[in-house]
Amino acid sequence: MTVDTQLMGYVTKPLTVGDIIGQSFRICRRQIALVFKVLVLPTVILGIGRVAVVLAGSYAFQSGKEASPQIAWAIVGIVGLICLIWGGLLLAIRQLALVRLFTGFAANIEEATEFVLKRGWSIINLILAWFAICLVAVISWAVVAVLAAPLLKNSGGSAVLASVGIAISVLGFGITVIYLGLAGSLAFYGLAIEEGDLGAVLAKAFNLTFRSFLRTTGFGFLSMLSVAMLAYPLTLPIWILTVGYFLVTGVATGASETAQLPAFIQVINALWETVTNMVIGPICYVAYGLFFCDLKMRLEGSDLLMRLESLQNKPAEDEPPPHAHAFVS
């Protein structure tokens, strides 16, 4: 299935952060049929997994039950966890394929999916590397705070120095978390766009984030706010159902303590949230893909490089074809 080039999100010029997010909303809205076709299978798998885990959690460990039903529900829970892992990975791959397609780096969804599938291990390795980097950063700032804390008991300059050290560690920890989160996100979505290996993509993501930290932070905040504003009305029905159940149960039974949600409401909640993520997820993915292209354009001149490459590959109009020389006397 191909996509109308007028609807593709390929960034041909630098855009504002608001325009990039708005572009992602328009792309997903206009291509809703394609998005549904691509994401329906992993969404179904995730839905089955979440329902299985919810039911297993509700029935597997209830007191007074015989051992065999509990074992059966535990098996259901394990199958649900497998479905969650499988569906989550498949959903991520297909959403990255949409990113590659809607940023103009693939002619159709089949080509985009094939490209992303080849990077499956890179996606897993990126997640592991990102967690390792975050762990090292957290431990480093924690060591600074731990070393400075005992000096607070003293008076004079050492106490002031300890306060400054703790303040620097807290501030540095916050900035580091934001930076690593944004750079890791750009690297993840950049895997759908960049042709290089994982190391090159990771280095580029960290470099782009560092060189445009304030802009990237603003984009991250605005994108989260936009997604939250969209998610609120979508999750409102299930929130009303949950609150309504608690109110009705409290009035009917007179119980003051919080009752546990019955299994059928938990199942509805899980299915509703899974479908909602199918609507919201592509918008966030495409927005980050467009932002990655925008940063490359602003900081690396990628648009100029692509135009130069297209001009080099285009044959000169005045140059006769090679076979024309045979007719020259």
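Modeller: Thr216 is found in helix H8, where helices are DSSP runs of H or I with at least four residues, strands are runs of E with at least two, and both are numbered from the N terminus. This is a predicted model, in which local features need a pLDDT of at least 70 and side-chain atom pairs count only at pLDDT 80 or more, while totals for chains, interfaces and linings use all residues. Residues are numbered from 1 along each chain as its sequence is written, and side-chain values use heavy atoms, with hydrogens and water left out. The pLDDT itself is the predictor's confidence in each residue, on a scale from 0 to 100.

Thr216 counts as buried because its relative accessibility is 1%; buried means under 20% relative accessible area, exposed means over 50%, and partly exposed lies in between, using a 1.4 Å probe and protein chains only. If residues up to four places away in sequence are not counted, Thr216 touches Leu182, Leu186, Leu208, Thr209, Phe291 and Leu295, where a contact means heavy atoms within 4.5 Å. Thr216 and Phe292 are 76 residues apart in sequence, and their C-alpha atoms are 9.6 Å apart in space.

Helix H8 also holds Ser226, which counts as buried because its relative accessibility is 18%. Leaving aside neighbours within four places in sequence, Ser226 is in contact with Ile21 and Phe25.

Let me turn to the aromatic rings. Searching the whole structure gives 9 aromatic pairs, the rule being that rings of Phe, Tyr and Trp (its six-membered ring) pair if their centres lie within 6.5 Å, with planes under 30 degrees apart called stacked, over 60 edge-to-face and the rest tilted. Trp130 and Phe131 form an edge-to-face pair, at 5.3 Å centre to centre and 70° between the planes, and Trp130 is partly exposed, with a relative accessible area of 27%. The pair of Tyr179 and Phe213 is tilted, because the ring centres are 6.3 Å apart and the planes stand at 45°. Since Tyr179 lies in helix H6 (residues 157-190) and Phe213 in helix H8 (residues 213-253), this pair ties together parts that are 34 residues apart in sequence. Tyr179 is buried, with a relative accessible area of 19%, whereas Phe213 is partly exposed at 24%. Ring pairs also link Phe188, Tyr189, Phe219, Tyr285, Tyr288 and Phe291 into a cluster, and Phe291 is one of the residues that Thr216 touches.

Helix H9 comes next. Its 38 residues (263-300) should span 56 Å at 1.5 Å a residue, and the end C-alpha atoms are 53 Å apart, which agrees; the expected span is 1.5 Å times one less than the number of residues. H9 bends by about 30° at Ile280, and a proline, Pro282, follows within four residues, the bend being the angle between axes fitted to the seven residues ending there and the seven starting there. The C-alpha atoms of Glu273 and Gly47 are separated by 8.9 Å, although the two residues are 226 residues apart along the chain.

Another region holds Ala106, in the loop between helix H3 (67-102) and H4. Ala106 counts as buried because its relative accessibility is 6%, and its C-alpha atom is 9.4 Å from that of Ile193, a residue 87 residues away in sequence.

Finally, consider the whole chain, which has 10 helices and 0 strands. Buried residues make up 38% of its 329 residues, and of the contacts with a separation of 6 or more, 78% join residues 24 or more positions apart. As for confidence, the chain averages a pLDDT of 81, and 81% of the residues score at least 70. Confidence is highest in helix H4 (residues 109-117), at a mean of 92, and lowest in helix H10 (residues 302-313), at 54. Over residues 1-9 the pLDDT is below 50, and this stretch has 27 contacts in the model beyond near neighbours in sequence. Residues 321-329 also stay under 50, and for them the model has 1 contact beyond four places in sequence.
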